[in-house]
Amino acid sequence: MSERAQMRTALGRVRGLGAAHSGTGTFWHQRVTSVAGVALTIAVIVIVIALLGRSHATVVQVLGSPIVAIIMLLFIVNMAYHMWIGLQEIIVDYVHEDLLKLASLLANTFYVFTVGFACVYAIFKLSFGV
Amino acid sequence: MAELEAGATAASRRPRPLSPHLQVYKMTLTFVMSGFHRITGFALYFGMVLVAWWLLAAASGPNAYAYFEWFAGSLIGRLVLFGYSWALIHHMLGGIRHLIWDTEHGFEPAERELLAMATIVGSILLTLVVWVIGYFAMGGPR
């Protein structure tokens, strides 16, 4: 081993060598978003049940009301980040070919941003009635 | 790496043993539930499109919303939504199981089995409860 390599600590040499090439940040964020996700999912199930079979006008009014809109926005943003981390984890587990992995990770990001912003836009439009 | 390759012998160039993957392990309930958690998460990832469709339809107007309601009320739509709701509840309960494990509890054999059974039975029961409540919210038998 060269002298230059010995200057690095044991941790420094292995850091970033895992499948995801990063640390435990996303592991922790996945836990935070899962705790929030439990409460938000229950709230969204209640909202959906309350809106079943209601007229379009009622649905617009309820989804655009502040508390419901804020719950929906929190749900969307929280779950978008949660599923972005989740699919990234699946990709780095199963896709080993560099170019395909890069393409998959990019597709994951593009998909999550597109679906997430589509939902956020819809809730803003329902709230501000443009 | 240069010094490594210079010192390589016939033995060191042999293919290294790979860690075993899924197929070498005996099927257990916790093993299957681990797979279910990943598969339901994967399904929910794409299921978010339904949420986006619902919200965009509501934001777009009565015609777009009527079209979404037609799909949601159709046989295929109901099957998809039933599967979506089960996947959502199953993944949520499976996630709670993981959060319990994160606190370093529930690792004993009996506890693991109990948590796995609670997840699958609980997810089916809760999904049925949600649909029965939804059925009555829509006016019940008419």
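Among contacts in chain B between residues at least 6 apart in sequence, 69% link residues at least 24 apart. The model is predicted. Chain B contains five helices and zero strands. Along the sequence, its pattern reads α-α-α-α-α. Of the 142 residues in chain B, 21% are buried.

Chain B meets chain A through 27 residues of its own, and chain A contributes 25 residues. On the side of chain B that touches chain A, at least two residues each come from helix H2 (29-60), helix H3 (62-73), H4 and helix H5 (109-137). H2(B) supplies the largest share of this side, with 13 residues. By class, this side of chain B comprises 21 nonpolar, four polar and two charged residues.

One helix pair spans the two chains. Helix H3 (residues 25-51) of chain A packs on helix H4 (residues 75-102) of chain B at an angle of about 135°. Their axes lie 10 Å apart. Angles from 65 to 115 degrees count as roughly perpendicular and those over 145 as roughly antiparallel, so H3(A) is oblique to H4(B). The crossing of H3(A) with H4(B) is left-handed. On H3(A), the contact is made by Arg31(A), Ser34(A), Val35(A), Val38(A) and Thr41(A). H4(B) contributes Leu88(B), Met92(B), Gly95(B), Ile96(B), Leu99(B) and Asp102(B). Six nonpolar, three polar and two charged residues make up this contact of H3(A) with H4(B).

Conventions:
Residues numbered from 1 in each chain as written. Chains lettered and ligands numbered in written order. Predicted model: local features only at pLDDT ≥ 70, side-chain atom pairs only at ≥ 80, totals over all residues. Axes fitted to C-alpha atoms, helices over the stretch in contact; angles between N-to-C directions. Helix = DSSP H or I, 4+ residues; strand = E, 2+ residues; numbered from the N terminus. Parallel < 35°, antiparallel > 145°, perpendicular 65-115°, else oblique. Left-handed = near helix turned anticlockwise from the far one by under 90°. Contact = placed C-beta atoms within 7 Å. Nonpolar A, V, L, I, M, F, W, Y, C, P; charged D, E, K, R; others polar. Buried ≥ 20, exposed ≤ 12 C-beta atoms within 10 Å, placed from the backbone.
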